[in-house]
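Subject: Structure for your review

Dear colleague,

Please find the structure below, together with its sequence.

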Amino acid sequence: MARRAAGGNGGTGGVKGARRPEVRLPALEAYGGGELEPDGDYDGLEIKDEDFVAQDGGGARFMDCALTGCALDETRLHHARVLDSVLTGIRGVGTDLAESTLRDVELIDARMGGVQMHGAVLERVVVRGGKIDYLNLRRARLRDVVFEGCVLVEPDFLEARLERVEFVGCSLKGVDFTGATFTDVDLRGAAELEIARGVDRLSGAVISMGQLLDLAPVLAVQLGIRVEG
């Protein structure tokens, strides 16, 4: 196996830290080209600068793979499984990863928009750098996930379940936590925390004193408190 799971940092302030993946890829074979195939099996491949725009890889499995600089605009990867893999410089608008599984994955410097990941399962995943607009994680399950140094614009976590999730040096702009469930979620390291909806769902999360002060107006509205003077 390529992955050796790294233990979490133990957390601070009573919060359990996320277990980060350590992906150690084997010697990889070059991808032979061609279109993605539904239910395809991709194992131990280096897939570089491929154009998968509007292709159908629904149900495909990627294991011990390195995907670098690939275009995934409108690519269908519904029910796909991405395991023990590193994705670097991925770009795409409207990529369909609904009900997919990402386990022991590093996603680095992605530039994406409108990614559909509703109902997806993310376990031991690091999202590092890059920018993702309108990420749809409705009803997704996230366990041991770290968002690090990235920008998330209007991500949607409606009714998602987050367990041991950390936001480190990243910007959350207009996030929707409506109906979400948190267990050991650490928001203290977020460089920017702008909650559009679902501030009442923060039970099970930890925030800093500064973030509490920034969120005070939203919390007052949520609680029906009128502040004057």
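The largest cavity has a lining of 22 residues, and those lying nearest its centre are Leu-87, Leu-97, Leu-102, Leu-107 and Met-112. Please bear in mind throughout that this is a predicted model. By class, the lining of this cavity comprises 22 nonpolar residues, with no polar and no charged ones. The space within the largest cavity amounts to about 300 Å³, and the structure holds 1 cavity of 30 Å³ or more. At least two lining residues come from each of strand 6, strand 8 and strand 9. Strand 9 contributes the most to the lining of the largest cavity, namely 4 residues.

Two or more residues of its lining are supplied by each of strand 9 (121-133), strand 10 (141-148), strand 12 (161-168) and strand 14 (181-186). The residues that line this pocket are Val-121, Leu-122, Glu-123, Arg-141, Leu-142, Arg-143, Arg-161, Leu-162, Glu-163, Thr-181 and Thr-183. In terms of class, the pocket lining has 4 nonpolar, 2 polar and 5 charged residues.

Turning to the nonpolar core, the largest one consists of 57 residues, and Phe-62, Leu-142, Phe-147 and Phe-167 have the most contacts inside it. Strand 8 (residues 101-113) provides the largest share of this core, with 5 residues. Leu-142, one of the residues with the most contacts in the core, is also among those lining the largest pocket. For Phe-167, contacts beyond four places in sequence are made with Phe-147, Phe-157, Leu-162, Leu-172, Val-185, Asp-186, Leu-187, Gly-189 and Ala-190.

One further residue may be of interest to you. Asp-73 is located in the loop between strand 5 (66-68) and strand 6 (81-88). With regard to Val-93, the side chain of Asp-73 reaches its backbone nitrogen at 3.0 Å. Asp-73 and Val-93 are separated by 20 residues in sequence, while their C-alpha atoms are 4.6 Å apart in space.

Yours sincerely

Note on methods: Residues are numbered from 1 along each chain as its sequence is written. This is a predicted model: local features need pLDDT of at least 70, side-chain atom pairs count only at pLDDT 80 or more; totals for chains, interfaces and linings use all residues. Side-chain values use heavy atoms; hydrogens and water are left out. On a 1 Å grid over the protein atoms alone, a cavity is a set of points where a 1.4 Å probe fits but cannot get out, and a pocket is an open set with protein on both sides within 12 Å along at least five of seven lines; lining residues have an atom within 4 Å of a point. Ala, Val, Leu, Ile, Met, Phe, Trp, Tyr, Cys and Pro count as nonpolar, Asp, Glu, Lys and Arg as charged, and the others, Gly among them, as polar. A nonpolar core is a set of buried Ala, Val, Leu, Ile, Met, Phe, Trp, Tyr and Cys residues joined through side-chain atoms within 4.5 Å. Buried means under 20% relative accessible area, exposed over 50%, partly exposed in between (1.4 Å probe, protein chains only). Contact means heavy atoms within 4.5 Å. A polar contact is a pair of N or O atoms within 3.5 Å; within protein, one must be able to donate a hydrogen and the other to accept it, and residues adjacent in sequence count only if both atoms are side-chain atoms. Grid points are joined across faces, edges and corners, and a volume is the space filled by probe spheres set on the points.
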